[in-house]
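Work through the exercises below with the sequence and the model open side by side. Each task is followed by a solution in steps.

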Amino acid sequence: MRLRNSIILTVLVPLFLILVVFSLVAIKSLEENVRSKLQTEVQIITHAIGTSLGHAMAGATPEPMQETLHSAFSFHRIYGAYVFAPDGEEIYGLGLGEALFEPEDIRAVVEEGELTGDYRQHDGWTYYSALMPLTTPEGEVRGVLQVNRLNTGIENYTGFISLVAGGVFVIGAGGIVFSIWWGFRRHIERPLNRLLEVMARVEGGDRRQRAAVGGPQEYRRLASALNGMLDAMAEKDADIEIRRLNEIALEKRLRKSHKLAELGVLAAGVAHEIGAPLTVINGQAQRLARREVIGDDERARLGRIRSEVERIVEIVRQLMELGRRHNVEKEWLALDELAASAVALVEEALERRGMRLELDLPDPPPRLLANGQQLTQVLTNLLVNATQAETVRRIRLQARQEESRLHLWFEDDGPGIAEADKARVFDPFFTTKPVGQGSGLGLSMVHRIINDHGGTIGVFDSALGGAGFEIVLPLDDRLQDETASHDTDPRGRTT
């Protein structure tokens, strides 16, 4: 059952029933009081006139009796007065209501010897008539006095008043019920429906829905409480989502660390097994190159052998570096000095290919606690990658400090990185360069150094049209553990 119907049935209906009973009792009491007053007045008048008539009937002439009957009409609303003989025959009378009683009624009054009264109707009029035995001073009954009073006052309208009161009550009750129904619908049901709609939408998955705070104070408090609950749920959901992403990121980091550790073990074994043969090959090639009996072509081929051997040794060394986490020795460094050191190492390549490097660093430059050599290697590797792309003519390095973190962006206007390759760009040995032009370990080394510093690195599509890398580094060791727990950058880019 709906709330408004329950209120009507449990509150209004009993209240209306009580009012109906009370009204009926009040009207009935009014009617009885009016009737009692009417009867009392008529009986008093009848008794007063009857006493005079008793003495008048003891005389020999009828004039005193006639005068006494005429005096009865001086009273309010007395419309008839008659004197009857003990056998019921009329002796003398004036006014209305002569035939209200039968002779038998007159004789019964004579026999009883007491004043009586009754309501009678005649010619569409209602009278209250009092009958009183007329006795002489000696106690002899000479006749019966009938006094008629016409119901022309409020006693004549008590029934009508009851009907009017009933009608007014019905109309008033209907108006009260309608007012309560309308007020309930406007001030209770509609706000509740709005709250229910918001809750239904939230249940359907739209967690952004919020209730409008308005209306009566109770609903404003209820809407505010609902919004607070939804905000708390949203915060909890966001916290759960962050924790889930952190767990996924941590799992990825663990898998990657495990893979790099295995790779380091493999590289250590390979270095141990091929170290001696490579040393022999390099030494023999060097000895052969010193002989004067060989030509320039053979000496160049021996030089190529030695360079490839050195390349193999460097690859194995890099693999061994990737396979373990280093205890980084840090010091306070200025960002502009790190950038200047990296640019100096690639300046010749930039000039040779006619590339433009744009630096956008904060002023004053921020200082961070880091290993200068390793961060310089990071900046250098990213710049070298850009200079090795065929169509790159513009490189941009931006930096911004946000609270206690440093954000670095490397962008170029080259061909960019394919969407399918973004997830693998930091994997060891992954490269898009032709065979022999890259080992695929440069970005892996960058990723390892950034991780060692408690930061993150991500890939995105640059606004210049090419590839973009974003690095987030903590400026202080106090934030390193917090930053290192994320394997995605704040913008959700792949790391």
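## Overview

The chain has 10 helices and 12 strands. The model is a predicted one. Of its 495 residues, 37% are buried. Among contacts with a separation of 6 or more, 64% are between residues 24 or more positions apart.

## Exercise 1

Task: Determine how the axes of α7 and α8 are oriented to each other, and list the residues that make the contact.

Solution. 
- Step 1. Locate the helices: α7 covers residues 335-353 and α8 covers residues 372-387.
- Step 2. Take the geometry. The two axes come within 8 Å and cross at roughly 20°.
- Step 3. Apply the cut-off: angles under 35 degrees count as roughly parallel. α7 and α8 are therefore roughly parallel to each other.
- Step 4. Assign the hand: α7 passes α8 in a right-handed crossing.
- Step 5. List the contact. From α7 come L338, A339, S341, A342, V343, L345, V346, L350 and R353, and from α8 come G372, L375, T376, L379, T380, L383, V384 and T387.
- Step 6. Sort by class: the contact of α7 with α8 has 11 nonpolar, five polar and one charged residues.

## Exercise 2

Solution. 
- Step 1. Assign the hand: α8 and α9 cross in a left-handed way.
- Step 2. List the contact. On the α8 side are Q374, Q377, V378, N381, L382 and N385, and they meet G442, L443, M445, V446, R448, I449 and I450 of α9.
- Step 3. Sort by class: seven residues of this contact are nonpolar, five are polar and one is charged.
- Step 4. Check the list: the buried residues of α9 include H447, R448 and D452.
- Step 5. Look just past the helix, where G454 has a positive phi of about 75°.

## Exercise 3

Task: Which residues of α2 are buried, and where do they fall around the helix axis?

Solution. 
- Step 1. In α2, residues 63-71, the buried residues are M65, T68 and L69.
- Step 2. Viewed down the axis of α2, the buried residues fall within an arc of 100°, so they line one face of the helix.

## Exercise 4

Task: Examine the backbone at P364 and at E403, and place each residue in its loop.

Solution. 
- Step 1. Recall the background: most residues other than glycine have a negative phi, and most peptide bonds are trans.
- Step 2. D363 and P364 are joined by a cis peptide bond, with omega about 5°.
- Step 3. P364 sits in the loop between β7 (356-360) and β8 (367-370).
- Step 4. E403 is not glycine, yet its phi is positive, near 55°.
- Step 5. The loop that holds E403 runs between β9 (394-402) and β10 (405-412).
- Step 6. E403 has a relative accessible area of 72%, and exposed means over 50%, so E403 is exposed.

## Exercise 5

Task: Is R208 buried or exposed, and how far is R208 from A234 in sequence and in space?

Solution. 
- Step 1. R208 is in the loop between α4 (158-203) and α5 (217-290).
- Step 2. The relative accessibility of R208 is 75%, so R208 counts as exposed.
- Step 3. R208 and A234 are 26 residues apart in sequence, and their C-alpha atoms are 8.2 Å apart.

Conventions. Residues numbered from 1 in each chain as written. Predicted model: local features only at pLDDT ≥ 70, side-chain atom pairs only at ≥ 80, totals over all residues. Heavy atoms only, no water. Axes fitted to C-alpha atoms, helices over the stretch in contact; angles between N-to-C directions. Helix = DSSP H or I, 4+ residues; strand = E, 2+ residues; numbered from the N terminus. Parallel < 35°, antiparallel > 145°, perpendicular 65-115°, else oblique. Left-handed = near helix turned anticlockwise from the far one by under 90°. Contact = heavy atoms within 4.5 Å. Nonpolar A, V, L, I, M, F, W, Y, C, P; charged D, E, K, R; others polar. Buried < 20%, exposed > 50% of the residue type's maximum accessible area, 1.4 Å probe, protein only. Arc of directions from axis to C-beta.
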